[in-house]
Amino acid sequence: MLEFLDSYAWIFWLGLILLFVVIEMLTLEFTFLMIAIGSLGGLVAGAFGAPWYIQIVVAAVVSLLLLLTLRPPLLRLLKRGGDPARSNVDALLGLEGLVLDGVTSSAGHVKLSNGDTWTARISTLTEPRELQRGERVLVTAIDGATAIVVPAERAPSVGEQQTPVERKDSPA
């Protein structure tokens, strides 16, 4: 049995390399690529005549070293070029709008500066009052399909720092 492992270990390594490359193409996170390269190290060790148990150790050590040293910088390089533009709900936070229908703590409609019309309600953090048609508002959160707004008495100047807004539907 051991002679069989020594003689045909290269087939095992080629099969593992192929399997790990296919899995890497499906996951795209560099983990299985590093394991495939480690398996290539086991294949090379076998080509130089190392017994099967040394081949496994070489494959494991090479895979572990690549996972710990090469994968993190590759992931950082991959994510560095991401689009910094906010999208979806995050793009709505901080937008100004105009009240179309009176906005109360339970209902109303606003037209945002991006042209979208949203169902809205006034934030519980402000004084309980009805916002009248034409009043300017600021979106502070999104709750499902409803914009949570506060009155925008004045726009902050360029040097002023705005307080950050949070998504109400995101886990905190």
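Me: What makes helix α3 (residues 52-69) oblique to helix α4 (residues 71-80)?

Reply: Their axes come within 4 Å and cross at roughly 40 degrees. The axes are lines fitted to C-alpha atoms, for helices over the stretch in contact, and angles run from 0 to 180 degrees between N-to-C directions.

This is a predicted model: local features need pLDDT of at least 70, side-chain atom pairs count only at pLDDT 80 or more, and totals for chains, interfaces and linings use all residues. Residues are numbered from 1 along each chain as its sequence is written, and side-chain values use heavy atoms, with hydrogens and water left out.

Me: Which residues bring α3 and α4 into contact?

Reply: Leu-66, Leu-67, Leu-68 and Thr-69 of α3 meet Arg-71, Pro-72 and Pro-73 of α4. Contact means heavy atoms within 4.5 Å. By class there are five nonpolar residues, one polar and one charged. Ala, Val, Leu, Ile, Met, Phe, Trp, Tyr, Cys and Pro count as nonpolar; Asp, Glu, Lys and Arg count as charged; the others, Gly among them, are polar.

Me: How do the axes of α1 and α3 cross?

Reply: They come within 9 Å and cross at roughly 35 degrees. Leu-2, Leu-5, Asp-6, Ala-9 and Trp-13 contribute from α1, and Trp-52, Gln-55, Ile-56 and Ala-59 from α3. This contact has seven nonpolar residues, one polar and one charged.

Me: Why does Ser-63 count as buried?

Reply: Ser-63 has 9% relative accessibility, so it counts as buried. The cut-offs are under 20% relative accessible area for buried, over 50% for exposed, and in between for partly exposed (1.4 Å probe, protein chains only). Ser-63 lies in α3. Not counting residues up to four places away in sequence, Ser-63 touches Met-34, Ile-35, Gly-38 and Ser-39. Its side chain reaches the backbone oxygen of Ala-59 at 2.8 Å.

Me: Why does Leu-28 count as exposed?

Reply: Its relative accessibility is 62%, so Leu-28 is exposed. Leu-28 sits in the loop between α1 (2-27) and α2 (31-47). Its phi is positive, about 55 degrees, although Leu-28 is not a glycine. Phe-30 is found in the loop between α1 and α2. Phi of Phe-30 is near 70 degrees, again positive in a residue other than glycine. Most residues other than glycine have a negative phi.

Me: What makes Gly-134 partly exposed?

Reply: The value is 47% relative accessibility, so Gly-134 counts as partly exposed. Gly-134 lies in the loop between β3 (117-122) and β4 (136-143). Beyond residues up to four places away in sequence, Gly-134 touches Leu-98 and Val-99. Gly-97 is 37 residues from Gly-134 in sequence and 9.1 Å away, C-alpha to C-alpha.

Me: What is the order of the elements?

Reply: From the N terminus on, they run α-α-α-α-α-β-β-β-β-β. That is five helices and five strands. Helices (H or I, at least four residues) and strands (E, at least two) are DSSP runs, numbered from the N terminus. Of the 172 residues, 29% count as buried.

Me: Where is the pLDDT below 50?

Reply: The mean pLDDT is 85, and 87% of residues reach 70 or more. Over residues 155-165 the pLDDT is below 50. Beyond near neighbours in sequence, that stretch has eight contacts in the model. pLDDT is the predictor's confidence in each residue, from 0 to 100. Where pLDDT is low, the predicted coordinates should not be read in detail.

Conventions:
Polar contact = N/O pair within 3.5 Å; in protein donor to acceptor, adjacent residues only side chain to side chain.
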